[in-house]
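Here's a quick briefing to keep open next to the viewer. Have a look at the fold first, then work through the topics below.

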Amino acid sequence: MIENIRLSFQGIFSHKMRSFLTMLGIIIGIAAIIAIVSTIKGTNDQIKENLVGSGNNIVKVNLSMNGYVVTPSEYMEGMAGVPVIDDSVLRKMEEDKSIKKAVKYHQAVSYQGVNYKNNSLNGVNMIGARNDYIEIFSYELTRGRKFVDRDFTQFRNVVILDSAAVSTLFQGEDPIDKTIEVKGIPFVVVGVVSKGDSFRPVVETVEDWYTYYGESNSGMIIFPDTCWQEIYQYDEPYQVVIKASSTEAMTKAGKAAEDILNAEFKTPRGGMNAEGEETIKYKSEDTLEKAKELQRLKSSTSQQLIWIASISLIVGGIGVMNIMLVSVTERTREIGLKKALGARRRTILGQFLTEASVLTSIGGIIGVGAGIGLAYFISKVADVPVAISAPAIIISVIFSMVIGIIFGLIPSIKASNLNPIDALRYE
């Protein structure tokens, strides 16, 4: 085998231009496939990051009416029978292996009534929670402090704002220890948070903007959940957010949390109206499934491009077969001499198959390098994400070797079947 490989390299380097042109089809095919696969993988990773969040693995479990998410403040008359979520329910969720952390919170959107001097907030996201809400969403404290125990036990009117709310209300003024009014009630700003760098969605369309920023374009205000009743004058049911143990477990974790919460309803199927029809229940957001659907759409389209690129591999294989037939013709006397000296058919067959495999393998390796370079070039020019796939590289090199064996088989069989006397007489 080692001798066959040495002879293969000797034959390839003795006809450099011819060997390169023979490998060109393999190089182009492998390079195209590597570039396409890398672009697909990069795009799929970006889809998952945009919809799911990089490393956050967050799933919201919201109250839903007939499949549509509702907040208690929007539909209070339908909230009868919604169970109280206490710490024991959260602990029950965290017993599930797919759920790493569970946090309860209140949420509403206020379209008026948040003011500081002459500045006001419209459409602000109101959150009633504890510090675990800030932690699970990976908000970073940029100024001031988080909540302390006395804020809850003494029912202090304090708030934490995000950077968008600070920018609108204070316009460059330091917000810490300043008092804002929320529906006529004074609250002291004790901290400012901002979203961490772990998730930066790519916004290319108006729909993208509404998907990622539409809910909280005016900012966010976080209150101690003990203050919520003072603001809204009634006890509201909690919403829940969970952190899955992994990205792949998000769907399972959301379903597990959903089932646990709905099991807490006093009625068998959640909230019921007078006719016994289901109205209110908890439902998890399946953002991972949305990502998978988009990934499947992208992949199915790109698979067609891979098949088209594979045609060049077939063309390259035909080129290998053609050049190997030429090589057999050129080396007929050499083959005849080897067979006359006692070389067996399988020895001749192995020599030419090895040469074909080495030729295509070199083309495959060059194609991989060209494909990686092409992928990064496309990334720069077209501004698309790229993620190099190691399995695709390994499979491409192996596949190129298989092409050499398949298309080199006919010339190798022809060489091994030559009659030594006729071969020695060949001119």
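How much accessible surface does the protein have, and what share of it belongs to carbon and sulfur atoms? The accessible surface comes to about 22,100 Å², and carbon and sulfur atoms account for 57% of that. Keep in mind that this is a predicted model, with a mean pLDDT of 78 for the protein.

**Overall make-up**

- The protein counts 14 helices and 14 strands.
- Of its 427 residues, 45% are buried.
- Take the contacts between residues at least 6 apart in sequence: 78% of them join residues at least 24 apart.

- A pLDDT of 70 or more is reached by 76% of the residues.
- Among the elements, β8 has the highest mean pLDDT, at 95, while helix α7 (residues 206-212) has the lowest, at 44.
- Residues 198-216 stay under 50 in pLDDT, and the model gives that stretch 31 contacts beyond four places in sequence.

**Nonpolar cores**

- The largest nonpolar core holds 25 residues, and the ones with the most contacts inside it are Met126, Leu161, Ile180, Phe187, Ile221 and Phe223.
- Elements giving two or more residues to this core include the strands β4 (114-116), β6 (124-129), β8, β9 (179-182), β10 (185-195) and β11 (220-224), along with the helices α6 (163-170) and α8 (228-232).
- Apart from this core lies another one of 23 residues, with Val82, Phe265, Ile280 and Tyr282 among them.

**Phe187 and its partner**

- Leaving out residues up to four places away in sequence, Phe187 touches Asn157, Val158, Val159, Lys178, Thr179, Ile180, Val182, Phe223, Cys227 and Ile231.
- Phe187 counts as buried because its relative accessibility is 0%, and Phe223 is buried too, with a relative accessible area of 0%.
- The Phe187 and Phe223 rings have centres 5.2 Å apart and planes at 75°, so they make an edge-to-face pair.
- That pair ties together distant parts of the chain, since Phe187 is in strand β10 and Phe223 is in strand β11, 36 residues apart.

**Other aromatic contacts**

- Searching the whole structure turns up 8 aromatic pairs.
- One of them is Phe137 with Tyr139: the ring centres are 6.0 Å apart and the planes sit at 40°, so this pair is tilted.
- Both Phe137 and Tyr139 are buried.
- Phe137 and Tyr139 also belong to an aromatic cluster with Tyr105 and Tyr133.
- Two charges sit over rings: Lys104 lies over the face of Tyr238, 4.6 Å from the ring centre, and Arg130 lies over the face of Phe152, 4.2 Å from the ring centre.

- Ser138 has a positive phi, near 60°, despite being a residue other than glycine.
- Ser138 is in the loop between α4 (131-136) and β7 (139-144), and counts as partly exposed because its relative accessibility is 26%.
- Phe155, also a residue other than glycine, has a positive phi near 55°.
- Phe155 is in the loop between α5 (149-153) and β8 (158-162), and is exposed, with a relative accessible area of 52%.

How values were computed
Residues are numbered from 1 along each chain as its sequence is written. This is a predicted model: local features need pLDDT of at least 70, side-chain atom pairs count only at pLDDT 80 or more; totals for chains, interfaces and linings use all residues. Side-chain values use heavy atoms; hydrogens and water are left out. Helices (H or I, at least four residues) and strands (E, at least two) are DSSP runs, numbered from the N terminus. Buried means under 20% relative accessible area, exposed over 50%, partly exposed in between (1.4 Å probe, protein chains only). Contact means heavy atoms within 4.5 Å. Accessible areas come from the Shrake-Rupley method with a 1.4 Å probe; for residues, only the protein chains shown count as cover. pLDDT is the predictor's confidence in each residue, from 0 to 100. A nonpolar core is a set of buried Ala, Val, Leu, Ile, Met, Phe, Trp, Tyr and Cys residues joined through side-chain atoms within 4.5 Å. Rings of Phe, Tyr and Trp (its six-membered ring) pair if their centres lie within 6.5 Å; planes under 30 degrees apart count as stacked, over 60 as edge-to-face and the rest as tilted. A charge sits over a ring if NZ of Lys or CZ of Arg is within 6 Å of the ring centre and within 35 degrees of the ring normal.
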